[in-house]
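Colleague: I would like a close look at a single part of this model. Please keep it brisk and define the terms as you go.

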Amino acid sequence: RMSVMQALSQAGGLTPYADEGSIKILRHVDGKETAIAFDYGDVASGHKLEEDIALNPGDVIVVPTAGLF
């Protein structure tokens, strides 16, 4: 099993344009899609390490682009 931080690390990390406070994990549960909020900054700084959840097969990590202005 892989955690969110492990998956992001294997993907090369976040770009300077990533909105690290708006990352979501999309997961299908009982036939419905659920969005789980993930605050990268809290986990990366060592706070709230319990939020570095294990991914399930089929999960999708969405990293939106931060507004530039």
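Modeller: A word on the basis comes before the answer. This is a predicted model, where local features need pLDDT of at least 70, side-chain atom pairs count only at pLDDT 80 or more, and totals for chains, interfaces and linings use all residues. Residues are numbered from 1 along each chain as its sequence is written, and side-chain values use heavy atoms, with hydrogens and water left out.

Now to the residue. Leu8 sits in helix H1, residues 4-10. Helices (H or I, at least four residues) and strands (E, at least two) are DSSP runs, numbered from the N terminus. Leu8 has a relative accessible area of 8%, so it is buried. The cut-offs are these: buried means under 20% relative accessible area, exposed over 50%, and partly exposed in between (1.4 Å probe, protein chains only).

Next come its contacts. Contact means heavy atoms within 4.5 Å. Setting aside neighbours within four places in sequence, Leu8 is in contact with Gly13, Leu14, Ile23, Phe38, Tyr40, Ile61 and Val63. Take Tyr40 from that list. Tyr40 lies 32 residues from Leu8 along the chain, and their C-alpha atoms are separated by 9.8 Å.

Ile23 is another of these partners. Residues up to four places away in sequence are again not counted. Ile23 then touches Leu8, Leu14, Ile36, Ala37, Phe38, Tyr40, Ile61, Val62, Val63 and Pro64.

Leu8 and Ile23 both belong to the largest nonpolar core. Such a core is a set of buried Ala, Val, Leu, Ile, Met, Phe, Trp, Tyr and Cys residues joined through side-chain atoms within 4.5 Å. H1 supplies the largest share, three residues. In soluble globular proteins, nonpolar side chains tend to be buried together.

For contrast, look at Pro16. Pro16 is in the loop between H1 and S1. Its relative accessibility is 78%, so Pro16 counts as exposed. Pro16 and Thr65 are 49 residues apart in sequence, yet 9.1 Å apart in space, C-alpha to C-alpha.

S1 also carries a charged residue. Arg27, in strand S1 (residues 23-29), pairs with Asp59, 32 residues apart. Their side chains meet in a salt bridge at 2.7 Å, N to O. A salt bridge is a side-chain nitrogen of Lys or Arg within 4 Å of a carboxyl oxygen of Asp or Glu. Both Asp59 and Arg27 are buried.
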